[in-house]
Amino acid sequence: MKIRIKPASLEEVLSINSQIPEFDEPNTSLELKHRCKENKCLMIAAFVDEKPAGYLVGYELDHKTFYCWMTGVIPEFRKNGILSKMMEHQSRWAKKNGYTKLRIKTRNTRREMMHYLINHGFNFTDVEKMNKVEYNRILLEKSLK
């Protein structure tokens with residue numbers, strides 16, 4: 001299995017996003033356009049043997065912090081290191097572009113993502129409380145130094 005990470009278009013990101021069952025946000029396209037229009041943005045896609053497998057979208061929060069906004073892997077391609085490859089690519093890109101930290105947000109319901117982030121050097125920094133505790137948003141950060 002050959003994994004390739006490359007820059008992605010909005011259309012590629014949205015096509016991959018539509019194949020990820022956990023993501024059911026109806027305004028993803030508008031939100032993505034808005035966030036990337038206003039900020040320095042990174043959109044990448046992962047391909048396995050030339051088939052789309054996952055994507056990552058991030059953008060600048062400030063001159064030191066890069067925010068990983070959305071990332072996902074199509075279920076049939078999970079457990080193959082695709083998320084790790086995309087996160088490594090993002091880290092290298094962010095460091096090369098002068099950022100000193102990565103920030104990401106997940107939810108209590110996304111346990112696998114929390115485990116991944118903890119195991120890869122991210123630290124909890126804050127919690128955005130929601131109506132139900134399982135929907136609380138967990139903020140994490142990692143130094144790129």
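At 74% relative accessibility, Lys79 counts as exposed, where exposed denotes over 50% relative accessible area, buried under 20% and partly exposed the range in between, computed with a 1.4 Å probe on protein chains only. The model is a predicted one, in which local features need pLDDT of at least 70 and side-chain atom pairs count only at pLDDT 80 or more, while totals for chains, interfaces and linings use all residues. Residues are numbered from 1 along each chain as its sequence is written, and side-chain values use heavy atoms, with hydrogens and water left out.

Lys79 is found in the loop between strand 4 and helix 3, these elements being DSSP runs numbered from the N terminus, with helices (H or I) of at least four residues and strands (E) of at least two. The phi of Lys79 is near 70 degrees, a positive value in a residue other than glycine. Most residues other than glycine have a negative phi. A positive phi of about 70 degrees is also found at Glu50, which is not a glycine; Glu50 is placed in the loop between strand 2 and strand 3 and is partly exposed, with a relative accessible area of 48%. In the turn of the hairpin that strand 2 and strand 3 form, with two residues between them, Asp49 has a positive phi of about 50 degrees.

The pairing of strands was assigned where DSSP finds at least two bridges between them. Strand 2 (residues 41–48) and strand 3 (residues 51–62) run antiparallel and are joined by eight bridges, and within this pairing Gly54 of strand 3 is the bridge partner of Ala46. Eight bridges likewise join strand 3 to strand 4 (residues 65–73), again in an antiparallel arrangement, and these two strands form a hairpin with two residues between them. On this side, Gly54 has Val73 of strand 4 as its bridge partner, and Tyr59 stands opposite Tyr67 in strand 4.

Aromatic contacts were assigned to rings of Phe, Tyr and Trp (its six-membered ring) with centres within 6.5 Å, planes under 30 degrees apart being counted as stacked, over 60 as edge-to-face and the rest as tilted. By this rule the count comes to four aromatic pairs. In one of these, Phe66 and Tyr99 form a tilted pair, with 5.2 Å from centre to centre and 55 degrees between the planes. Because Phe66 lies in strand 4 and Tyr99 in the loop between helix 3 (82–96) and strand 5 (101–107), the pair ties together parts that are 33 residues apart in sequence. Phe66 counts as buried at 0% relative accessibility, and Tyr99 is buried as well, with a relative accessible area of 3%. Together with Trp93, Phe66 and Tyr99 form one aromatic cluster. A contact of another kind involves Arg4, whose charged end sits over the ring of Phe47, 5.5 Å from its centre; this assignment requires NZ of Lys or CZ of Arg to be within 6 Å of the ring centre and within 35 degrees of the ring normal.

The largest pocket has a volume of about 1,100 Å³, the volume being the space filled by probe spheres set on the points. Its lining comprises 34 residues, of which Phe23, Thr71, Thr106, Arg110 and Met113 lie nearest the centre. Helix 2 (28–38), strand 4, helix 3, strand 5 and helix 4 (111–119) each supply at least two residues of this lining, and strand 4 contributes the largest share, seven residues. By class, the lining has 13 nonpolar, nine polar and twelve charged residues, with Ala, Val, Leu, Ile, Met, Phe, Trp, Tyr, Cys and Pro counted as nonpolar, Asp, Glu, Lys and Arg as charged, and the others, Gly among them, as polar.

Thr125 is placed in strand 6 (residues 123–128) and counts as partly exposed at 43% relative accessibility. The C-alpha atoms of Thr125 and Ile74, which are 51 residues apart along the chain, are separated by 28 Å.

Terms used: 1 Å grid on protein atoms, 1.4 Å probe; cavity = no way out; pocket = protein on both sides within 12 Å on 5 of 7 lines; lining within 4 Å.
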